[in-house]
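Welcome, and take your time with the model below.

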Amino acid sequence: MSNKKNHESVWRNCLDIIKDNVSLQSFKTWFEPIVPIRLKDSVLTIQVPSHFFYEWLEEHYIDLLKKVIKKEIGAEAKLEYSIIMDRNSNSKKAPYTVNLPTNDKKSLSNSPVSMPLNTEENHIKNPFIIPGLKKVSVDSNLNPTYSFDNFVEGDCNRLARSAGFAVANKPGGTAFNPLLIYGGVGLGKTHLAHAIGIGIKNQFPNKTVLYVSAEMFTRQFVDSIKNNTTNDFVNFYKLMDVLIVDDVQFFAGKEKTQDAFFYIFNHLHQTGKQIVLTSDKPPVEMKGVEQRLLSRFKWGLSADVQAPGLETRIAILQKKIYGNGLDLPEDVLEYLAYSINTNIREMEGALTSLIAQATLNKKSINIELAKKMIDKFVKNTAREISMDYIHKIVCDYFNLPIELLKSKTRKREVVQARQIAMFFAKKMTKWSLASIGAQCGGKDHATVLHACRTVNNLAETDKQFRGYLDDLEKKLAVN
Ligand SMILES: Nc1ncnc2c1ncn2[C@@H]1O[C@H](COP(=O)(O)OP(=O)(O)OP(=O)(O)O)[C@@H](O)[C@H]1O
């Protein structure tokens, strides 16, 4: 690399290439705000305005970034992000640095070790031979955004959260050792696991806390066999005061890794150290994991996390948007929370896309935009009956164009069909009156309430009308 190159000139050249490869809008939105701050030993550090921004770059532009940076700096190029702390973050330290992602979003790390751009090499192979990780007290692989403060408590996760909180206050000193958090995909297990680690580090800064995915643990172990450093591997893990292993179902069928983990587990447990595990299923259902390990998993507490209810989903979305300094209309939040009801990661993904779409197109985020976006994320099985579906069924039945029903026209037959649509939306969904009104010709909640009363009254007094309602109800029920 030429000596004349510095972070600014390198980034300028990168931008020239990037500009030719993305739309002008995207360029302005996602690349112009980036500030190059350092180029040292082939590591280019760029500053980005928020964690959300960083995630968006990672998801959408990482391949492009890799290419241009390697082209400008050379094959050994590395990229570091410096994120200006989000508004609601706990830490007052700003900015902080995360390394180029490891393809595994959960292993966002504050580790001083920079990851090479080559994803194959992006994983820390042997933590005990990486100088930065000798200071285990500061290199815990914890993602600061996954704190208890950012975790919304609901009936779905109360036990797991409370147990996690207790463990964070008294690591190794509760009956919850190990604490095993299990549950379906994208329901907050990893988030809670990090929150426990962060809670412990906040209160007991001298404790050595390590978060590691079972996959990473396995890879490190396999490498240690290859390099003849298995003793170092085991000794490193024996140093931990708190060991958090994510997705332990990954150990299934990997006997040697299980042996190593069994040994480490026993040592830590016997010496009063805290172990936190997560898994996608309870121990009884874990196939391919040795019985002696499974029985140890059950020594402490196994707590499940389940799919959150509507209120919790809305609260999670609110946390997420306020955390990113954004605001969204209530009906949009409700729509998102309503449409995606099984997986929080998917719901957050839809929110991120919605915000990005609005930013890119300089549109305000409204219910129409939300509806357009949502279909990409919703799996049919999990879907609640939608307003569009109600509109379609009602309009087909009365042979009216949907646009009319959504318009403000006051023609008698349209008004009545619209009132019926509102009535069914109120009856068959949990939408607020305001959001039902917004989707039916921009009416307010009082109009929806009036519509529901009118429909109920007519149903009692007008037999033919009652017949319409029965027909429609049947059609809607087979949704
Ligand atoms: N109760 C909650 N409050 C706030 N955010 C949450 C909550 N539950 C989940 N999330 C968010 O949902 C996303 C997915 O959560 P997480 O990665 O912890 O899921 P997981 O259960 O570990 O999934 P997987 O089984 O795929 O590993 C994360 O962004 C997390 O912050």
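Two residues are in contact here if their C-beta atoms, placed from the backbone, lie within 7 Å. Helices (H or I, at least four residues) and strands (E, at least two) are DSSP runs, numbered from the N terminus. Residues are numbered from 1 along each chain as its sequence is written. This is a predicted model, in which local features need pLDDT of at least 70 and side-chain atom pairs count only at pLDDT 80 or more, while totals for chains, interfaces and linings use all residues.

Let us begin with the whole chain. The protein chain has 21 helices and nine strands. A residue is called buried if 20 or more other C-beta atoms lie within 10 Å of its own, exposed if 12 or fewer do, and partly exposed in between, with C-beta atoms placed from the backbone. Of the 479 residues, 39% count as buried. Among contacts in the chain with a separation of 6 or more, 69% come from residues 24 or more positions apart.

How confident is the predictor, and where? Its confidence in each residue is the pLDDT, which runs from 0 to 100. The chain has a mean pLDDT of 81, and 84% of its residues reach 70 or more. Where pLDDT is low, the predicted coordinates should not be read in detail. For the complex, the predictor gives an ipTM of 0.98 and a pTM of 0.59.

Now look for the ligand. Which residues are closest to it? They are Gly188, Lys189, Thr190, His191 and Ile344, out of 19 residues that surround the ligand; a residue counts as near a molecule if its C-beta atom, placed from the backbone, lies within 6 Å of it. Helix H7 (189–203), helix H12 (310–323) and helix H14 (344–360) are the elements that give two or more residues to this shell. Domain 2 (118–306) and domain 3 (310–382) each supply at least three residues, the domain bounds coming from an automatic or database domain assignment. Sorted by class, the shell has seven nonpolar, six polar and six charged residues. Here Ala, Val, Leu, Ile, Met, Phe, Trp, Tyr, Cys and Pro count as nonpolar, Asp, Glu, Lys and Arg as charged, and the others, Gly among them, as polar.

Next comes helix H13 (residues 330–339). Is it mostly covered or mostly uncovered? Helix H13 is mostly covered, with eight of its ten residues buried. The buried ones are Val332, Leu333, Glu334, Tyr335, Leu336, Ala337, Tyr338 and Ser339. Their cover includes H12, H14, helix H15 (367–374) and helix H19 (433–439).

For a pair of helices, find helix H8 (residues 214–226) and helix H9 (residues 230–238). Their axes come within 7 Å and cross at roughly 145°; axes are lines fitted to C-alpha atoms, for helices over the stretch in contact, and angles run from 0 to 180 degrees between N-to-C directions. H8 brings Gln220, Phe221, Ser224 and Ile225 to the contact, and H9 brings Thr230, Asp232 and Phe233. By class, that makes three nonpolar, three polar and one charged residues.

Some backbone details deserve a stop. Most residues other than glycine have a negative phi, and most peptide bonds are trans. The peptide bond from Asn177 to Pro178, however, is cis, with omega near 5°. Pro178 sits in the loop between helix H6 (158–169) and strand E5 (179–183). Asp41 has a positive phi, near 50°, and is placed in the loop between strand E1 (35–40) and strand E2 (43–48). Asp41 is exposed, because 8 other C-beta atoms lie within 10 Å. Asp247 has a positive phi as well, near 60°, and belongs to the loop between strand E7 (242–246) and helix H10 (255–270).

Finally, visit Val10 in helix H1 (residues 7–21). Leaving aside neighbours within four places in sequence, Val10 is in contact with Lys5, Leu39, Leu44, Glu72 and Ile73. Val10 counts as partly exposed because it has 19 C-beta neighbours inside 10 Å.

Conventions
pLDDT = per-residue confidence, 0-100.
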